[in-house]
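Please have the structure open as you read.

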Amino acid sequence: MGDDRALVRREPEPQPLSVAHAQPLAASYNDRIRPLLDAVDKLRNLMVMKEGIQLPTIVVVGDQSSGKSSVLESLAGISLPRGQGICTRVPLIMRLQGRRQDESTKLQLEFNNKIVDVYEDHISDAIVAATDEIAGSGKAISNTPLTLVVKKDGVPDLTMVDLPGITRVPVHGQPENIYEQISAMIMEYITPEESIILNVVSATVDFSTCESIRMSQMVDKTGKRTLAVVTKADKAPEGLQEKVTADDVNIGLGYVCVRNRIGEESYEEARLEEAKLFDTHPQLCQINKSIVGVPVLAKNLVQIQANIMAKCLPGIVKKINDKLNANVSELNRMPKNLSSVAEAVAAFMQIMGSAKESLRKVLLRGEFDEYPDEKPMHCTARLMGMLNQYYDELRNCPENDPRTNFLLEELEVLEEAEGIGLPNFLARTAFLTLLQRKVKAISSKPPSFGVRAWDYIEGVVIQELMRQSENYPQLQSWIRRAASNLINKMREQTTAKMKEIVEMEKLTSYTCNPEYLLEWNKLMAQQNLFMQVINDEYRSTTMVLEGIGQVDVRHLRNHKQLVQQAFDLKMRMTAYWKIVLRRFVDSMALHLPFSVHNLVNEEMEKDIVGELIRPNGSSNIERMLEEAPSVAVKREKLNNSVKLLRESAKVVARIMDRIAIDGDYSD
């Protein structure tokens with residue numbers, strides 16, 4: 001293991017590949033970063049990322065055969081699985097820890113909720129066996145991680161996630177969409193801003209064509225989170241210096257060129273050969289010594305890791321606390337487990353009380369602070385708009401157009417009502433006959449509007465009841481049905497009321513509204529001019545009457561005896577009809593709020609609550625004692641989340657306390 005100790009201890013002074021100065025990297029700096037790294041690893045083990053809290057992570061990516069496994073072997077000082085095709089088939093979390101004097105060497109695999117101790121000579125076979133257990137014995141990949149813990153002399157304190165190498169062409173036994181599966185896994189890991197991308201590329205290829213470079217550019221356009229490791233420098237030394245200094249592909253954290261172990265070389269021999277290569281090779285010796293060698297890579301990674309952890313830690317602390325507080329609040333809002341019918345009745349009465357108060361706000365008082373973004377819940381404004389639309393429908397009804405066959409209907413009624421009496425005396429029966437015809441023509445509209453209004457009110461009431469009872473889904477279908485039955489009753493009452501008003505309007509013609517006489521006198525002021533046009537056959541056959549519009553009078557010249565009376569009858573009806581239409585709307589405007597008031601303050605409790613607690617309704621209230629599966633699942637999920645987050649909060653609190661004592665862990 002001496003070769004690994006040498007690997008970690010080298011520092012560039014001035015030759016970064018000399019073996020003499022490894023100790024500061026492995027001991028001094030690692031002693032300071034270890035607590036921070038341990039804290040993040042504990043958070044990773046707690047699966048805090050499932051709570052949507054991203055952790056700082058070094059993600060190792062590369063095209064297949066880029067030398068990715070060799071780089072990781074050099075950092076860890078152990079042998080990883082090798083062979084044709086994809087060697088890494090699951091995310092391999094490599095947790096490297098330099099062994100302290102009071103610690104023993106340890107190699108462990110953690111997967112499927114178990115920990116397996118492994119001998120160093122068998123580590124490659126053990127990883128293959130664990131991978132087969134996770135992803136199957138074929139060549140498929142899985143997103144379930146496998147953790148490798150390496151605690152030994154000289155290893156830098158690093159935690160990295162090694163992902164499958166990118167391949168475009170599936171080999172025998174691999175799924176046809178293997179490229180898409182690997183790409184999706186890589187993008188999932190490298191997209192978070194907390195991820196550092198360790199991009200392994202071969203010196204033998206054009207960097208701009210590397211698939212791993214293309215992927216990292218998609219999520220890190222400026223390269224501020226990307227470090228490139230150039231392998232196989234000995235295979236393609238020509239032009240390598242220009243490639244790493246030109247940086248045509250935006251590698252913000254820089255390059256490190258390495259030579260990996262070849263054949264049966266020991267790790268110590270490999271590092272000596274690497275130092276010799278970059279010291280003596282005609283082209284490679286020209287590359288700046290601060291960007292060559294595995295020891296430099298180890299040091300850079302440790303420093304980058306420290307910086308990103310120190311940068312992200314305050315945000316992680318805040319996210320954990322915010323998520324914990326939110327989940328605790330949500331858990332507290334959930335209904336408590338009810339143990340008796342009395343508790344269930346009390347809980348249901350609370351539901352109804354809250355629903356009634358909210359409905360008073362939105363349906364009666366016009367408040368909508370509980371639903372600021374939901375226009376359908378601005379109920380008083382919506383009902384006012386519906387009433388205005390109702391008035392427009394009544395006024396614009398084709399049967400109410402006074403210009404159609406002007407005065408013909410009035411003439412017909414006057415002829416039928418003619419009898420022995422004073423001349424020019426307007427018979428009341430004639431007016432009532434016309435009134436009844438006009439009311440009958442629109443008689444379906446008031447009840448129809450009442451149905452529409454209650455349809456809207458029903459939606460509001462049921463939505464609010466569902467909102468208040470969401471913690472008791474086992475009751476919601478019954479509550480919905482009971483509310484619908486109640487609204488149907490209110491709807492029928494309104495329909496009956498509107499039909500009654502229609503019949504009253506048919507029976508009596510009366511108003512004390514002074515606007516009637518004012519309007520009638522205004523319309524009658526045009527009678528003399530109208531009669532002149534009727535009597536002069538050479539004048540125009542059309543004329544414009546204020547309040548009526550343009551009318552054709554040609555057909556009236558054959559009825560000169562009754563035209564004057566017909567005109568008077570028409571103007572009376574025109575003035576009075578405006579009053580009638582407004583009465584229809586006004587009566588609805590008074591009836592609806594009154595009915596809604598009764599619904600919210602009396603009928604809901606009398607009908608819904610009464611049905612619930614009456615003898616044959618006991619089964620409904622007893623349902624509340626049985627917690628719905630969805631609520632039970634949610635409660636368990638929240639409890640598990642709160643437990644996890646509390647443990648996570650303790651972890652970060654300890655490291656924050658240590659930072660407060662020791663100072664910042666970054667540069």
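The points below cover a pocket, a cavity and a strand with its partners. Keep in mind that this is a predicted model.

**The largest pocket**
- The largest pocket holds about 830 Å³ of space.
- Its lining is made up of 26 residues, and those nearest the centre are Arg 44, Met 47, Lys 50, Ile 93 and Pro 145.
- Two or more lining residues come from each of the helices α2 (23-45) and α5 (178-190) and the strands β1 (57-62), β2 (92-98), β3 (106-111) and β4 (114-117).
- By class, the lining of the largest pocket has 11 nonpolar, 9 polar and 6 charged residues.

**The cavity**
- Searching the whole structure turns up 1 cavity of 30 Å³ or more.
- The space in the largest cavity comes to about 80 Å³.
- Residues lining the largest cavity include Ser 69, Leu 80, Cys 87, Arg 89, Ile 127 and Asp 162.
- This cavity lining divides into 6 nonpolar, 3 polar and 2 charged residues.

**Strand β3 and its partners**
- Strand β3, one of the contributors to the pocket lining, is mostly covered, with 5 of its 6 residues buried.
- β3 runs antiparallel to β5 (residues 146-152), joined by 5 bridges, and antiparallel to β4, joined by 4 bridges.
- Gln 108 takes part in both pairings: its bridge partner in β5 is Val 149, while in β4 Gln 108 stands opposite Asp 117.

Conventions. Residues are numbered from 1 along each chain as its sequence is written. This is a predicted model: local features need pLDDT of at least 70, side-chain atom pairs count only at pLDDT 80 or more; totals for chains, interfaces and linings use all residues. Side-chain values use heavy atoms; hydrogens and water are left out. On a 1 Å grid over the protein atoms alone, a cavity is a set of points where a 1.4 Å probe fits but cannot get out, and a pocket is an open set with protein on both sides within 12 Å along at least five of seven lines; lining residues have an atom within 4 Å of a point. Grid points are joined across faces, edges and corners, and a volume is the space filled by probe spheres set on the points. Ala, Val, Leu, Ile, Met, Phe, Trp, Tyr, Cys and Pro count as nonpolar, Asp, Glu, Lys and Arg as charged, and the others, Gly among them, as polar. Buried means under 20% relative accessible area, exposed over 50%, partly exposed in between (1.4 Å probe, protein chains only). Two strands pair if DSSP finds at least two bridges between them.
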